[in-house]
Amino acid sequence: MRVYVLIPAALLGLAALGCGGSDPEPNNPSQMQNQYGASNQYPPGQYPPGQYGQPAPAGQYGQPAPAGQYPAPAGTTPTTPTTPAAGSTGGQAAPIAPTMVAAATPVLTAMAASEVQGMQAEGGAFAGQFQDGQTLEQPFNIQPGKCYSVIGVGVGLQELDIQLVAHTPPMPPVVLAQDSTTGPNATLGGKGQCFKNPLPIGGPAKAVLRARGSGMAVGQIYVK
């Protein structure tokens, strides 16, 4: 704003010198008034908008514009609150006690006798209440030289999938094996095709059940 004031003041000073006018007394406001922007030099209301102290229209000369009336600067994206789409899937299934899936127990026992003969259960069974797309994870330590299988039985599900995943933070998870079966029951590494850890060291891993449809499922890890 000072730039606009100093230019006309300098021009007026030069005009006064050219006409042989006398210098005003120093520090005399009455003498300085007409030389530097007195009100009778520029009648009120005749200044261009936004200059010489007059208010500029909103959005010009640095004045804030009303919200929503001017587009965002180039290269920016306005932020708009969003909500998840109805019926979205994913997330973690709710863990439940395996005894709550009692209807699946006979099926699990029969599948184990057929699919994982000679293998032992690794820990206890694990179960969950699923919505479509949800997963349930069962952590365990994978041992060097050991061979692993997983059986899962679903109740009310359309499809149950199983993965063996190694995860040693900060490294990202790595899928070691996954089932190729279809339907609500699944077997990973059945019929002697168990996953064998090829490394001479062990590490943290997890069995992951993923459901399509809503219902319950129970799983069990086996090792030999």
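**Cysteines and cores**

Mentor: Cys194 counts as buried, because its relative accessibility is 14%. Buried means under 20% relative accessible area, exposed over 50%, and partly exposed in between (1.4 Å probe, protein chains only). This is a predicted model: local features need pLDDT of at least 70, side-chain atom pairs count only at pLDDT 80 or more, and totals for chains, interfaces and linings use all residues. Residues are numbered from 1 along each chain as its sequence is written, and side-chain values use heavy atoms, leaving out hydrogens and water.

Trainee: Which residue does a disulfide join to Cys194?

Mentor: A disulfide is a covalent bond between the sulfur atoms of two cysteines. The cut-off is a pair of cysteine sulfur atoms within 2.5 Å. Here Cys147 is joined to Cys194, S to S 1.8 Å. The link of Cys147 and Cys194 is right-handed, with 100° about the S-S bond.

Trainee: Where do Cys147 and Cys194 lie?

Mentor: Cys147 is in strand E5 and Cys194 in the loop between E8 and strand E9 (195–196), so the pair ties together parts 47 residues apart in sequence. Strands (E, at least two residues) are DSSP runs, numbered from the N terminus.

Trainee: Which residues touch the most other members of the largest nonpolar core?

Mentor: A nonpolar core is a set of buried Ala, Val, Leu, Ile, Met, Phe, Trp, Tyr and Cys residues joined through side-chain atoms within 4.5 Å. The largest has 23 residues, and Phe130, Phe140, Tyr148, Val150, Leu164 and Ile221 touch the most other members.

Technical notes. Helix = DSSP H or I, 4+ residues; strand = E, 2+ residues; numbered from the N terminus.
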